[in-house]
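Please open the model in your viewer and keep the sequence panel beside it. The tour below moves from one selection to the next and says what is found at each stop.

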Amino acid sequence: KFTFIVFPVALGVSLLLPAVNPSYGVDRIIFSSLRATAGGDPSSGRLEMWVGTIEKIKERPIAGWGVEQFAIAGPEKTLGYKQPHNMTLQLLFSTGILGAIAALLIVMPFLQRLSWDVTTPDRLAAWGMIIGILTFGLYDAAFYYTYPVMTFMLAVAMVLKPVEQKAAFYKSD
């Protein structure tokens, strides 16, 4: 019920407010979709960028090219872009297989503490945010900028199980 009430209200408000940048807003979503169905590239050049990024990853698969090097060492056609608009390719390009393994080792303890309980609205919203950002990260720069990383981490914190408190030894009463 909540979604069916909030979505039209949010859509209406976003249509009334001015877009702060031509890259944002409902109009851009609608018109970019129309261009794609009219024979344009629905990937906005991303597929070409991803293929070129994979080729660059193959050149340095173990340690990658380094953090923040995509703009100068990425595929020739996309030089100047800050990142490849895909979180997996961004990680592999920057840090290689070693960095991807390190990132996985960092994430593992959190994965073990996830709570799949979605019986409360806040947990359902948090899981929606997590799934949304992970999905968006496959198509754009969700993990390149601070704000989406911050909101992702907040959502993850909301779905973690509490740490069990161990009994204190040598406790005096």
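In which helix is T53 found? Select this residue first: T53 is found in helix α3, and the model you are looking at is a predicted one. With a relative accessibility of 0%, T53 counts as buried, because buried means under 20%. Now display its surroundings, and, leaving aside residues up to four places away in sequence, you will find that T53 touches F70, P75, P84, L89 and F93.

**The whole chain**

Before going further, zoom out and colour by secondary structure. The chain has seven helices and zero strands, and the pattern read along the sequence is accordingly α-α-α-α-α-α-α. Of its 173 residues, 25% count as buried. If you consider the contacts in the chain with a separation of 6 or more, 61% of them are accounted for by residues 24 or more positions apart.

**Helix α3 against helix α5**

Return to α3, which covers residues 46-59, and select with it α5, residues 87-112. These two helices pack at an angle of about 30°, and their axes are 9 Å apart; α3 and α5 are therefore roughly parallel to each other. Their crossing is left-handed. To see the contact itself, show the side chains of W50, T53, I54, K56 and I57 in α3, which meet L89, L92 and F93 in α5. The residues of this contact divide into six nonpolar, one polar and one charged.

The structure holds four salt bridges, and three of them can be visited from here. Side chains of opposite charge can pair when their charged atoms come close.

- Select E48 and K77, whose side chains meet in a salt bridge with an N to O distance of 2.8 Å. E48 lies in helix α3 and K77 in the loop between α4 (70-73) and α5, so the pair ties together parts that are 29 residues apart in sequence. E48 counts as partly exposed at 47% relative accessibility, whereas K77, at 70%, counts as exposed.
- Because E55 and K58 are three residues apart in helix α3, about one helical turn separates them. E55 is partly exposed at 42% relative accessibility, and K58 is exposed at 55%.
- Then select K56 and E59, whose side chains meet in a salt bridge at 3.9 Å, N to O. Both lie in helix α3, three residues apart, which is about one turn of the helix. K56 is buried, with a relative accessible area of 16%, while E59 counts as exposed at 52%.

**Two loop residues with positive phi**

E68 is partly exposed, with a relative accessible area of 48%. Then go on to H85, in the loop between α4 and α5, where phi is again positive, near 60°, in a residue other than glycine. H85 counts as buried at 13% relative accessibility.

**Helix α6 against helix α7**

For the last stop, select helix α6 (residues 121-136) together with helix α7 (residues 146-159), which pack at an angle of about 140° with their axes 9 Å apart. Roughly antiparallel would need an angle over 145 degrees, and α6 and α7 are therefore oblique to each other. α6 passes α7 in a left-handed crossing. Display the side chains of D122, R123, A126, W127, M129, I130, I133 and L134 in α6, which meet P148, T151, F152, A155, V156, M158 and V159 in α7. By class, this contact has twelve nonpolar, one polar and two charged residues.

How values were computed: Residues are numbered from 1 along each chain as its sequence is written. This is a predicted model: local features need pLDDT of at least 70, side-chain atom pairs count only at pLDDT 80 or more; totals for chains, interfaces and linings use all residues. Side-chain values use heavy atoms; hydrogens and water are left out. Helices (H or I, at least four residues) and strands (E, at least two) are DSSP runs, numbered from the N terminus. Buried means under 20% relative accessible area, exposed over 50%, partly exposed in between (1.4 Å probe, protein chains only). Axes are lines fitted to C-alpha atoms, for helices over the stretch in contact, and angles run from 0 to 180 degrees between N-to-C directions. Angles under 35 degrees count as roughly parallel, over 145 as roughly antiparallel, 65 to 115 as roughly perpendicular and the rest as oblique. A crossing is left-handed if the near helix is turned anticlockwise from the far one by less than a right angle, and right-handed if clockwise. Contact means heavy atoms within 4.5 Å. Ala, Val, Leu, Ile, Met, Phe, Trp, Tyr, Cys and Pro count as nonpolar, Asp, Glu, Lys and Arg as charged, and the others, Gly among them, as polar.
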